[in-house]
Amino acid sequence: MTTLLYGRPPAVFDPPGDAIQTSPLIPGSTALETVAEGSADVAMIYAPPGVLERRYTLALALRALKPGGRLDVMAPKDKGGSRLKKELAAFGVEVGESAKAHHRRCVVIRPARVTGLDEAIDAGAPRIVPGLEAWSQPGVFAWDRLDAGTMALAQTLPPLKGAGIDLGCGYGALATVVLRSPEVTALRLVDLDRRAVEAAKKNVTDPRAGFEWADVRTLEDGAELNFAVSNPPFHDGGAEDKRLGQAFIRKAAGLLKKGGVLWLVANRHLPYEAELNAAFRRVDMIADAGGYKVFEAVK
């Protein structure tokens with residue numbers, strides 16, 4: 001029996017331990033887009049919060065299921081759970097709904113005929129975003145705009161030199177700015193989101209760029225890079241978590257050689273100064289405007 005799992009549902013929902021993981025936010029997982037149509041018996045989806053991303057994921061899961069296969073979907077009530085039943089019913093399926101642990105849970109037995117899958121998949125697929133003129137996809141951070149924090153850092157960066165890394169590269173907006181400097185010899189682009197890395201590969205075609213689908217926190221320290229740039233995440237599962245940015249700071253310090261520099265942008269309210277001062281020899285706030293702080297930290 002083939003069982004698919006998307007995301008990490010809370011343990012109370014008893015996610016299957018032997019399922020094929022398909023979340024783009026779990027490095028090494030199988031892309032749900034590549035699962036053959038009608039090949040799966042069961043799919044358990046911890047639905048993402050964005051409407052386009054969620055409908056895209058639900059449509060891919062229904063496409064992957066055999067007729068008679070079981071789709072089990074859950075989401076927090078305030079992050080799409082209250083919409084699940086209506087969104088699933090729009091595919092022409094019967095939906096059973098229950099509530100548990102502040103979540104809504106919907107179960108569908110896939111009928112032989114479903115409707116609207118292609119439209120939902122098209123709406124959530126990768127595309128060149130008008131106005132942005134870059135490849136992106138719903139679900140990627142700031143997928144259809146240039147994030148204000150990234151813009152603040154890009155406007156502050158001096159020309160960089162040597163080999164560096166972009167920690168949490170997104171679809172590659174900041175990397176494009178970094179690579180304008182002819183003295184940059186190499187740039188590693190790293191992101192937890194497979195979709196972001198795939199978009200970055202299309203947007204950043206400079207041969208000096210390399211791409212890694214990985215959790216920044218698990219990268220091996222090397223103390224060999226000249227610079228790092230980062231607009232680190234500060235949400236985990238929708239909840240603010242300052243520890244993410246603090247972990248990015250520590251990782252940057254571990255990757256940089258002595259004298260290497262970290263350029264980092266953060267929302268003004270985030271308390272990163274103590275972590276920066278503990279990990280770096282010198283820390284300067286270069287900009288403080290528009291709700292964002294930009295730091296230069298030298299190891």
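Author: One convention for later: Ala, Val, Leu, Ile, Met, Phe, Trp, Tyr, Cys and Pro count as nonpolar, Asp, Glu, Lys and Arg as charged, and the others, Gly among them, as polar. This is a predicted model, where local features need pLDDT of at least 70, side-chain atom pairs count only at pLDDT 80 or more, and totals for chains, interfaces and linings use all residues. Residues are numbered from 1 along each chain as its sequence is written, and side-chain values use heavy atoms, leaving out hydrogens and water.

Reader: Great. By class, what does the lining of the second largest pocket have?

Author: That lining has 13 nonpolar residues, six polar ones and two charged ones. On a 1 Å grid over the protein atoms alone, a pocket is an open set of points with protein on both sides within 12 Å along at least five of seven lines; a cavity is a set where a 1.4 Å probe fits but cannot get out; lining residues have an atom within 4 Å of a point.

Reader: Which residues lie nearest the centre of that pocket?

Author: Ala154, Ala173, Thr176, Val177 and Arg180 do, out of the 21 residues in its lining. Two helices, α4 (148-156) and α5 (173-178), each give the second largest pocket at least two lining residues. Helices (H or I, at least four residues) and strands (E, at least two) are DSSP runs, numbered from the N terminus.

Reader: And which residues line the largest cavity?

Author: Tyr6, Thr22, Pro24, Leu32, Glu33, Tyr56, Thr57, Leu60, Arg194 and Arg195 line the largest cavity. By class, five of these lining residues are nonpolar, two are polar and three are charged.

Reader: Where does the largest share of that lining come from?

Author: From α1, which provides three residues.

Reader: On to the sheets. What order do the strands take in the six-stranded one?

Author: The six strands of this open sheet follow the order β2-β1-β3-β4-β6-β5, and the pairing is mixed. Two strands pair if DSSP finds at least two bridges between them. At the edges are β2 (20-21) and β5 (96-100), each with a single partner strand, so one side of each has no neighbour in the sheet.

Reader: Which strands of the sheet does α1 touch?

Author: Helix α1 packs on the sheet and touches β1 (3-6), β3, β4 and β6, a contact being heavy atoms within 4.5 Å.

Reader: How many bridges link β3 and β4, and are they parallel or antiparallel?

Author: Six bridges, in the parallel sense, connect β3 (residues 40-46) with β4 (residues 65-76). Ala40 faces Leu65 of β4 there. Turning to β4 and β6 (residues 103-109), you find antiparallel pairing over seven bridges, and Val73 has Cys106 in β6 as its bridge partner.

Reader: How many bridges join β5 to β6?

Author: Five, with the two strands running antiparallel. Gly96 stands opposite Val107 in β6, and Ser98 stands opposite Arg105 in β6. The hairpin of β5 and β6 has two residues between the strands, and Ala101 takes a positive phi near 50 degrees in this hairpin.

Reader: Nice detail! And the order of the seven strands in the other open sheet?

Author: That order is β11-β10-β9-β12-β15-β17-β16, again with mixed pairing. Its edge strands, β11 (209-213) and β16 (282-289), each pair on one side only.

Reader: What is the sense of the pairing between β10 and β11?

Author: Parallel: five bridges join β10 (residues 184-191) to β11. Within that pair, Asp191 stands opposite Trp213 in β11.

Reader: Last one: which strands does α6 lie across?

Author: Helix α6 lies across β10 and β11. Helix α7 (residues 242-255) packs on the sheet as well, where α7 touches β9 (162-167), β10, β12 (225-230) and β15 (256-267).

Definitions and conventions. Axes are lines fitted to C-alpha atoms, for helices over the stretch in contact, and angles run from 0 to 180 degrees between N-to-C directions.
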